[in-house]
Every structure is written in structure tokens, then in C-alpha cells.
Amino acid sequence: MSTTKPNLYDVLAERGLVSQVTDEKIRERLGKPVTLYIGFDPTADSLHIGSMVPIMVLAHAQRCGHRPIAVMGGGTALVGDPSGKTESRQMLTPEVIDHNAHCFAQQMSPILKFANPKTPQANGPTDALMVNNAHWLTKLGWIGLLRDFGPHFSVNRMLTMDSVKNRLDAESGLTFLEFNYMVMQAIDFVHLYKSQNCTVQMGGQDQWGNIVMGIELGRRVAGADLAGLTMPLITKSDGKKFGKSESGNIWLSAERTPVFDFYQYWRNTPDADVKRFLGFFTFLPMNEVNGLGALEGQELNEAKKVLAYEVTRLVHGHAEADKARDSAGKAFSGEQDVTGEAIPHAELPKQELTVGVGVIQLLVMAGLAKSNGEAKRLVISGGVRLHDKPVKDIGFKATPESVRNGYVLIRAGKKRLFRFDVK
RNA sequence: GGGCGGAUGCCAGAGCGGCCAAAUGGGGUGGGCUGUAAACCCACUGGCGAAAGCCUACGCAGGUUCGAAUCCUGCUCCGCCCA
């Protein structure tokens with residue numbers, strides 16, 4: 001490969017994306033093209049921004065001349081994810097998993113270039129692969145599994161894994177099924193080594209144990225020289241969970257998280273996280289990242305705009321990102337222009353207004369409140385405005401007089417708003 | 001298989017016959033201060049209802065009681081200990 005391409009390790013390291021490595025010489029390994037993988041759990045039909053880091057890492061790998069594989073944990077999803085005792089242990093069907101994997105591929109494809117299975121001859125050496133571990137895991141028989149892999153797993157060793165130790169101490173305990181997750185993941189690595197010559201596995205910090213198991217298994221059963229690298233857990237300086245907001249997870253799917261909300265999530269990044277996030281979630285060169293991150297005080301808002309725009313562009317494309325940026329910019333700047341396309345909106349028939357529509361109802365219709373009660377509390381606490389006029393009375397009704405420029409704007413708090421276009 | 005302990009709201013965790021829609025903390029939302037930031041301060045935080053009130057909720061199913069998250073019985077699940 002061309003020597004002009006940067007070393008993946010350097011790229012990840014300077015962006016703060018390296019937590020641990022299994023091999024001191026990982027940098028040398030990555031000096032020439034390798035095949036590497038990261039696992040994803042296809043338990044929902046959309047990825048959320050927690051998965052952005054792994055996707056970015058795969059994309060960096062691709063840019064550095066390596067071949068990335070995204071492994072769908074279809075096999076593990078088939079037996080259900082037993083972590084979290086209150087979670088319903090839904091066992092996903094193969095059809096659902098396939099559907100989810102398909103959705104993931106679509107969401108990843110703007111960031112990661114995938115090989116086209118239909119035109120193998122046209123695919124490049126760094127085109128990404130997506131595979132489903134159900135394809136090989138479901139073929140394993142119990143006896144065969146024990147015979148081929150059983151002797152190579154030391155339970156003593158497994159018991160020393162943090163993930164296991166924590167669960168043994170925890171009230172929830174650890175089931176045999178969960179105990180076997182790491183076995184499955186180890187087998188994945190070996191399978192990918194044998195079938196794709198994949199020699200490096202990456203993953204979140206929490207995957208460390210699983211990665212190490214895979215490396216050891218590879219050495220024992222195939223004499224393979226495998227390596228792993230983990231990425232740090234993404235935290236927010238304010239201690240809040242990354243990727244969560246008032247309305248739950250921030251998803252990559254525009255259906256689950258409107259582009260406007262997506263943009264706003266990043267736009268509202270705490271100061272202390274802006275620089276790190278620019279490194280994690282954008283491809284901006286580090287000198288630019290450092291420059292933006294060095295801004296202080298109010299100036300840092302410019303960096304947040306760049307962050308929000310860049311991430312939105314990566315995930316949703318130029319056109320949508322432009323709309324979100326322009327709409328948000330106008331709505332929250334002095335202009336207070338809320339006519340932007342990306343502003344959440346819906347149509348409201350004129351005749352409903354002639355009868356009068358209560359604020360409570362409007363808030364619920366707009367999705368700004370989940371129930372009438374919540375809407376009422378919102379009004380009572382002084383958080384609701386119709387256009388720019390505070391609404392203090394829960395009995396207030398919007399009428400044709402409430403329409404301005406063809407719409408009725410309702411705001412909940414400073415940042416949430418919804419526009420009813422009156423038809 | 002046996003013994004003991006446990007299961008409470010988004011999460012953690014009090015309550016152990018009426019004062020319980022259930023303490024407290026976290027989270028979330030709204031307000032204040034700001035820069036669409038953080039920190040900090042205040043308020044709110046099951047549903048329906050204008051309200052009075054009604055309904056649903058303390059693992060599940062029954063029972064005792066005027067009255068049960070609280071007592072009894074059975075079941076399910078979890079933890080600890082013993083074999």
C-alpha cells in the first residue's frame with residue numbers, strides 16, 4: 001500500500017480513540033494493510049450515536065488502507081440479550097435480525113464504503129464487509145463445540161475477567177448463557193481469521209475481555225497471531241449518559257430522531273466535551289480540531305456549530321445537515337425565524353382553530369408533552385409560549401387569531417418548539 | 001433437594017396494616033443565572049379530569065381485614081448458605 005497513508009494507530013491515538021492495545025507492536029502491524037473487525041448488536045432497527053465511535057474507527061481504518069468488517073451479532077441476538085434483569089429477554093427471530101442488519105448497513109454506508117456483493121470483481125481491497133455471526137454460530141453443534149473449542153477455554157481464566165467478576169458479585173448473577181457470550185465472541189474472531197484473514201479486533205472498552213479470549217483461542221486452535229484494540233467509553237463531562245436526551249436515545253435513523261433534534265443534540269454539547277467530540281465524531285484534521293477546541297467562552301459556540309454540522313452531515317448528508325443548521329440557526333438567533341424546513345412541524349386544519357384548540361392538546365399533538373398532565377405542568381411552570389407570548393392558563397385555546405404568517409408556533413422551554421402550519 | 005433472605009415508580013432505594021401515588025437520592029422537565037455551555041439556586045416529575053374526584057400501580061394469583069405495598073397461602077424469578 002502506498003506509504004502516504006497515515007498509520008491507523010497514529011490516527012486513532014491522536015484522536016483519543018485508543019484505550020488499550022493487546023500488543024505493544026500494534027502500530028507496526030497496522031503499517032501494512034490488514035483486515036479488522038468490530039461487532040455490533042442488531043437488537044434494534046437503528047443504530048444510535050453510541051455506535052458512532054466504532055463506525056468512525058472502521059472508517060478511519062478504511063481510510064488508512066485496511067479492510068474493515070462489521071460483524072452483526074445475529075447469533076447472540078438469537079439467544080437474547082440477558083444483560084439487565086428488567087430487560088425483556090426477547091429472542092429475536094432471524095428475519096428481524098436480518099432486517100436490523102440491513103438497516104445498520106444503510107446507516108453506516110454514508111460513512112463506510114461497503115463492498116457490493118453483486119459485483120465482487122469491482123470491489124476494492126478496502127471495501128468493507130458486513131457479516132452475520134449467526135451464519136457460523138448456528139452451525140456449531142454442542143459436542144463439536146466442546147471438542148473443538150472446549151479444551152482451549154480455561155474456566156479459571158474466564159472467572160478472572162472483569163465482566164465475569166462483576167457479575168458474580170452482583171445481585172443479578174451470571175447465567176450460563178451470558179458466560180458463553182465470550183465464548184461465542186472468541187469463536188467469531190477465530191472464524192473471521194480463518195475465513196477472511198482478519199487479524200485485528202477492535203471494540204469498546206467493555207469488550208476487552210472478549211477480545212483477549214478471541215486472541216488466545218486463535219493462538220491455541222490455529223496458531224494465529226491476533227491482536228486487539230479498544231476504544232474508550234464515551235463519557236460526558238457533566239456525568240450524563242452520552243447519547244441520551246430528554247426524549248431518550250439519539251438514533252441515527254431520522255425516523256426515530258428527527259434530523260433537527262439530532263443536530264441540536266450536538267449543538268448543545270457541553271463546553272468541556274467539544275474538542276474531544278470533534279476528534280471522535282468528525283473527520284476534521286486534528287489541527288482544525290485543536291484550533292476549534294481552543295476557542296474560549298462564547299466563541300466555543302462556533303466549534304459546537306461545526307461539530308453539529310459535521311456529524312449531521314456524516315449521518316444524514318449535506319442537504320439535511322444544511323437544513324437543520326439553517327433552521328436551527330434562524331430559530332435560535334435574534335431573527336427568531338422558525339419557518340425553516342427542518343423545524344419539527346405538522347399541518348393543522350383551519351377549521352379546528354375556528355373551534356379553538358387547547359394549549360394542552362397542542363402540546364401533546366406536537367409531542368412536546370407525553371400526556372395532558374405533563375402538558376399542564378409545563379404550562380403551569382411557565383415553560384410554554386405561543387409564538388413569543390407566554391401561556392400561563394391551561395385553559396387557553398388557540399384560535400384563528402393565533403395564526404401568524406400561516407402558522408402557529410408553540411414552544412416548550414427554550415429549546416423545544418413545534419410549528420403548526422395552518423391549512 | 002433443603003434452609004434463609006429478597007422482588008417497590010425511569011434507575012437506585014426507604015416504607016412493613018389506615019396519615020401511601022408511596023420518603024430520599026439520581027435522572028428527566030420547567031424556571032432563574034448564562035453563551036442554545038457547565039456549575040449553582042427554585043419548582044415539578046403515574047393516567048383521566050377545569051375541579052371535586054375517579055382509575056391504575058409496590059413480582060403473579062388468591063385470601064384475611066371496615067381498610068393491604070405492608071399480614072396469610074400458592075406460584076414465578078433472583079441472591080446467599082447447606083447437601
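1. A crossing of two packed helices is called right-handed if the near helix is turned clockwise from the far one by less than a right angle. In this predicted model, the crossing of helix 11 and helix 12 is right-handed. Helix 11 spans residues 181-196 and helix 12 spans residues 208-222. Their axes lie 8 Å apart and meet at an angle of about 55°.

2. By class, the residues of the contact of helix 11 with helix 12 are twelve nonpolar, four polar and one charged.

3. A second pair to note is helix 13 (residues 259-267) with helix 17 (residues 318-332), whose axes are 9 Å apart at an angle of about 70°. Angles of 65 to 115 degrees count as roughly perpendicular, so helix 13 and helix 17 fall in that class. The crossing of helix 13 and helix 17 is right-handed.

4. On the side of helix 13, the contact with helix 17 is made by Val259, Phe260, Tyr263 and Gln264. Helix 17 supplies Glu320, Ala324, Arg325, Ser327, Ala328 and Phe332. This contact of helix 13 with helix 17 has six nonpolar, two polar and two charged residues.

5. Leaving aside residues up to four places away in sequence, Phe40 touches Leu47, Ser51, Pro54, Ile55, Leu58, Ala70, Val71, Met72, Gly73, Phe104 and Met108.

6. Phe277 deserves a separate remark. This residue belongs to helix 14 (residues 274-281). Its relative accessibility is 1%, and Phe277 therefore counts as buried, the cut-off being under 20%. Apart from residues up to four places away in sequence, Phe277 touches Ile234, Thr235, Lys236, Phe242, Trp266, Thr269, Thr282 and Leu307. The C-alpha atom of Phe277 is separated by 9.3 Å from that of Val289, which is twelve residues apart along the chain.

Methods: Residues numbered from 1 in each chain as written. Chains lettered and ligands numbered in written order. Predicted model: local features only at pLDDT ≥ 70, side-chain atom pairs only at ≥ 80, totals over all residues. Heavy atoms only, no water. Contact = heavy atoms within 4.5 Å. Axes fitted to C-alpha atoms, helices over the stretch in contact; angles between N-to-C directions. Helix = DSSP H or I, 4+ residues; strand = E, 2+ residues; numbered from the N terminus. Parallel < 35°, antiparallel > 145°, perpendicular 65-115°, else oblique. Nonpolar A, V, L, I, M, F, W, Y, C, P; charged D, E, K, R; others polar. Buried < 20%, exposed > 50% of the residue type's maximum accessible area, 1.4 Å probe, protein only.
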